[in-house]
Amino acid sequence: MKEFDTIGAIATPVGVGGIAIIRISGEDAESMAARIAFPKGGKDIYGLESHKLTLSDIRRISDGELLDEALVAVMRAPHSYTGETVVEINCHGGYFAAESIMEELFKAGVRQAEAGEFTRRSFVNGKTDLIGAESVIDLIHANSSLGQSNAAKALSGKLSQKVEKIREKAMDFASHLSAVADFPDEIDEMENVELEKRIDGLVCDIDGMLDGFAKGRIMRDGILTAIAGRPNVGKSSLLNALSRTDRAIVTDIPGTTRDTVEEYVNINGVALRLVDTAGIRESDNSVEKIGIEKAKEAIENADLCLFVLDSSCEISEEDLEIFDYIRGKNTIVILNKTDMGMYADSDKFAELLKTDTDCFVCTATPKDGAPLGIDVLEDRITRMFMGGGISKDEVFISNDRQKNALIKAKDIAQGMKTALYSGMPADMLYVDLEEVISALGEVTGVTVQEEIIDRVFERFCVGK
Ligand SMILES: Nc1nc2c(ncn2[C@@H]2O[C@H](COP(=O)(O)OP(=O)(O)OP(=O)(O)O)[C@@H](O)[C@H]2O)c(=O)[nH]1
Ligand SMILES: [Mg+2]
């Protein structure tokens with residue numbers, strides 16, 4: 001396989017639709033497209049203005065049979081998504097048209113693109129960095145408006161600029177250290193205090209970025225929220241109330257929910273990935289037992305637990321056992337069924353549970369009208385994870401790769417301080433500082449290893 005052969009793929013989803021977009025990229029994109037695409041008005045592909053759609057006949061190579069009429073655009077290198085010459089064919093959607101045109105392109109020499117290969121080329125050709133490539137996939141998979149906005153900002157380079165600023169600071173520091181080592185008579189050596197200040201500055205900047213990770217991850221993946229409690233307290237009813245659907249089966253038979261039921265809900269711009277679980281209790285039923293194990297697993301993995309109680313009755317031993325299981329996790333206590341008369345007020349419930357966790361009152365299934373207490377609960381959840389909200393210009397790191405590279409940079413920088421105190425000469429610090437610079441470069445992809453790049457592009461779909 002030539003490293004830079006011409007690749008192609010259908011970039012739109014499979015199925016019936018108005019249009020499908022075929023994209024080919026590579027040195028021979030124009031000549032290969034010219035075998036099948038004939039712009040109306042007499043010009044050939046080579047004569048088309050770059051970045052302009054032109055109505056064209058698409059013909060079979062072997063006999064010139066007309067296959068479709070399509071809008072064709074050439075985006076000549078380097079001004080394209082991949083940095084190579086790209087031809088896009090906007091043909092008719094559906095199962096057949098795009099596939100048959102693709103077949104002809106294969107005959108012309110195009111190779112089927114692998115998942116993420118277009119973006120990978122864009123990375124290789126310096127059109128985007130690794131953060132940019134990751135934000136493309138995040139944008140495609142965004143499930144909330146905040147997730148979309150964070151990915152779009154990262155795509156525009158805002159996040160990379162933040163990392164680059166820190167890296168430049170480190171490089172500036174390094175060049176001073178190396179100048180001192182090279183020209184000791186001409187350049188003043190930094191005092192330890194000054195060195196420490198510089199190192200602290202780097203650590204503080206990196207910490208600032210790491211602090212945003214929790215928000216960034218929540219924006220990208222949503223808040224994984226497990227609804228837990230004993231049978232019949234109204235967990236499924238709460239899922240339905242929050243999602244404004246009848247997604248989960250609700251009955252008055254304890255043990256209704258067996259398998260976990262998931263639903264995405266958008267609250268105040270954040271995605272809530274709700275998981276309704278089986279009511280936890282001692283059970284001899286093998287199906288229910290599996291459900292209870294799954295419930296426990298969901299609680300383990302959750303970012304947030306909504307612990308539901310039936311507020312109309314006393315807290316039972318079972319409730320307490322489940323709450324003990326959840327204790328230590330991010331939890332909100334939901335006092336449901338308030339319409340049946342509360343056994344005690346919220347403070348009393350908190351006291352009985354021996355917790356300072358917020359207790360929220362709620363009526364998931366009122367006799368008439370909308371469920372009560374849901375808005376307040378939603379606000380509480382977003383405040384819990386998004387703090388005082390997010391300003392328009394903020395952008396956060398959002399994946400483990402970015403986070404781990406930053407942690408590596410921070411650890412090495414902190415190690416420099418220890419070394420400094422143990423009397424290591426300033427010029428020796430230079431070696432460590434180079435490692436900090438390299439770890440920061442990993443975040444944007446300037447100094448990243450091939451296998452990490454492979455892992456980033458594994459998540460892509462074909463055609464992107
Ligand atoms: N009066 C009243 N009834 C409610 C309320 N919420 C739920 N219920 C009723 O309580 C019963 C159990 O509700 P579910 O939502 O199925 O309870 P669950 O916790 O999911 O139960 P399991 O799946 O068996 O663990 C149903 O009859 C609901 O209609 C409420 O706020 N008020
Ligand atoms: Mg249920």
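Domain bounds here come from an automatic or database domain assignment. For this protein it gives domain 1 (7–113), domain 2 (143–212 + 397–448) and domain 3 (219–386). The model is predicted: local features need pLDDT of at least 70, side-chain atom pairs count only at pLDDT 80 or more, and totals for chains, interfaces and linings use all residues. Residues are numbered from 1 along each chain as its sequence is written, while chains are lettered from A and ligands numbered from 1 in the order in which they are written.

The centres of domain 2 and domain 3, taken over C-alpha atoms, are separated by 43 Å. Their contact takes 7 residues from domain 2 and 8 residues from domain 3; residues are in contact if their C-beta atoms, placed from the backbone, lie within 7 Å.

Ligand 1 is surrounded by 24 residues, each with its C-beta atom, placed from the backbone, within 6 Å of the molecule. The closest are Gly234, Ser236, Ser237, Thr257 and Gly279. Helix 9 (residues 235–243) gives the most to this shell, with 3 residues. Helices are DSSP runs (H or I, at least four residues), numbered from the N terminus.

Residue classes compare as follows. Ala, Val, Leu, Ile, Met, Phe, Trp, Tyr, Cys and Pro count as nonpolar, Asp, Glu, Lys and Arg as charged, and the others, Gly among them, as polar.

| Side of domain 2 that touches domain 3 | 1 residue | 6 residues | no residues |

Methods
Contact = placed C-beta atoms within 7 Å. Helix = DSSP H or I, 4+ residues; strand = E, 2+ residues; numbered from the N terminus.
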